[in-house]
Amino acid sequence: MLKARVIPCLDVKDGRVVKGVNFVDLVDAGDPVQAAEAYDAAGADELCFLDITASHENRGIILDVVRRTAEVCFMPVTVGGGIRTLHDIRNLMEAGADKVSINSAAVKDRQFVADAVRKVGGQSVVIAIDAKRVSEPGAPPKWEVFTHGGRNRTGIDAIGYAREVVGLGAGELLLTSMDRDGTKAGFDLDLTRAVADAVSVPVIASGGVGTLDHLVEGIREGHASAVLAASIFHFGTYTIRQAKEHMLASGIPMRLDS
Amino acid sequence: MTVALIDYGAGNLRSAEKGLERVAREIGYGHDIVLTRDAEVVRKAERVVLPGDGAFPFCRRGLAALPGMDEALREFVEHRGRPFLGICVGMQLLATRGVEHEEIDGFGWIEGVVEPIEPSDASFKVPHMGWNTMDAVNPHPVMDGIRLGPDGLHAYFLHSYAFSTKHHRDLVATADYDGPRTAIVARDNIFGTQFHPEKSQTLGLRLLANFLKWSP
């Protein structure tokens with residue numbers, strides 16, 4: 001039986017993990033490769049690197065991080081952040097990424113999604129959607145796509161956009177609620193379910209995880225295939241194992257290979 | 001003599017290379033793992049691994065574009081009879097033909113067709129993506145010591161097309177996803193996995209080690 005996935009996400013800037021990772025055995029809390037190795041050993045189902053490097057000159061550093069990760073980490077790795085060209089995608093895949101996550105470049109140019117799918121196959125193309133609720137309280141819910149970390153409103157309906165990029169061949173959606181991101185109040189379940197039910201591909205729920213029950217809700221009520229979280233794992237609040245055991249105990253099929 | 005990992009521009013080769021290198025070290029395997037586009041290297045190899053990500057026609061053409069590679073592979077598999085491992089689309093290319101965007105011939109080493117996964121129920125998302133268990137169909141030495149079944153180890157799948165084999169005897173294992181889907185095929189010196197062993201942690205590394213030890 002196919003299992004639900006738990007995906008820790010590491011924000012990487014100039015080759016270093018932003019805010020660090022608080023694991024007991026880590027020599028260097030800021031080294032993304034050590035963090036990746038620790039998550040691999042902990043039984044994470046996949047790993048996500050989000051490269052938030054601002055300067056153009058340092059954008060190549062992530063390739064070295066991915067290369068070194070591929071030597072020690074035998075689970076799938078998705079890399080996102082700043083992907084603009086087919087060249088970016090090819091470089092990341094050659095370095096050892098299994099999937100690439102495209103955000104702003106897909107909003108700006110749908111043809112880029114189609115080109116990426118043709119180049120590396122839809123199974124490796126994840127479209128990251130940052131969505132924010134724009135409807136008035138009490139009105140039927142409506143979400144719009146935002147870019148630049150939630151600062152730029154695009155006027156694009158999130159559900160319609162999700163359908164559109166899947167129609168272009170994208171194999172997975174990474175859906176982040178900008179209303180919930182960083183709040184620890186749980187996923188926006190209405191948004192997650194609306195998108196997951198609208199498309200034929202797996203959806204990764206993201207944004208707002210504060211408790212293990214939130215992970216359960218993302219799968220069960222949000223209809224997501226995978227849940228992504230950052231701080232609850234990085235700061236040692238919960239281990240991957242605790243998260244997966246809790247989800248399993250709540251009736252969700254999980255992988256607990258030792 | 002080497003283990004030749006064929007580089008034809010289809011997907012993430014580095015992980016496969018690193019996975020093979022790691023298990024080769026662990027079991028004290030005496031041959032180098034070599035990434036190659038050279039038909040001569042394949043012809044003389046001890047073992048060959050054909051990876052592949054992306055679309056069937058793209059991979060088929062990418063492989064055919066390497067000078068002499070098709071002939072070298074045929075000679076290696078059909079005449080030398082040395083161990084061959086196909087991964088993901090590299091496994092699908094063993095089929096008679098693939099139907100992805102267009103109909104195109106595979107190597108025809110294992111009879112069957114690669115077709116789109118068409119679930120009966122919308123709750124089954126496509127691609128079939130993530131960790132799944134497998135059910136054993138026919139025993140195989142490359143699966144030695146690997147626990148299968150509903151409580152067995154998991155493998156990482158990532159595919160929208162699946163290989164329907166003509167003969168039951170060519171199936172080693174299936175994965176249940178709205179019915180049994182081909183997960184592992186084998187015939188003579190050929191072994192192929194739909195999933196990515198280099199991304200399947202415990203199960204995958206054990207399988208790669210077994211492949212390096214296998215003498216068909």
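Let me start with Q123(A), which sits in the loop joining helix 5 (110–120) to strand 6 (125–133) of chain A, where helices (H or I, at least four residues) and strands (E, at least two) are DSSP runs numbered from the N terminus. Please keep in mind that this is a predicted model, in which local features need pLDDT of at least 70 and side-chain atom pairs count only at pLDDT 80 or more, while totals for chains, interfaces and linings use all residues. Residues are numbered from 1 along each chain as its sequence is written, chains are lettered from A in the order in which they are written, and side-chain values use heavy atoms, with hydrogens and water left out.

Q123(A) has a relative accessibility of 10% and therefore counts as buried, that is, under 20% relative accessible area with a 1.4 Å probe and protein chains only. Its side chain reaches the backbone oxygen of V120(A) at 3.1 Å. Beyond its neighbours within four places in sequence, Q123(A) is in contact with K99(A) and, in chain B, with D53(B), G54(B), P127(B), M129(B) and L158(B), contact meaning heavy atoms within 4.5 Å.

Turning to chain B, there is an open sheet of four strands in the order 6-5-7-11, with mixed pairing, where two strands pair if DSSP finds at least two bridges between them. Strand 6 (102–105) and strand 11 (161–165) of chain B are at the edges with a single partner strand each, so one side of each has no neighbour in the sheet. Inside this arrangement, strand 5 (residues 97–100) and strand 7 (residues 112–116) of chain B pair in the parallel sense over two bridges, and G98(B) has V114(B) of strand 7 as its bridge partner.

Note on methods:
Buried means under 20% relative accessible area, exposed over 50%, partly exposed in between (1.4 Å probe, protein chains only). A polar contact is a pair of N or O atoms within 3.5 Å; within protein, one must be able to donate a hydrogen and the other to accept it, and residues adjacent in sequence count only if both atoms are side-chain atoms.
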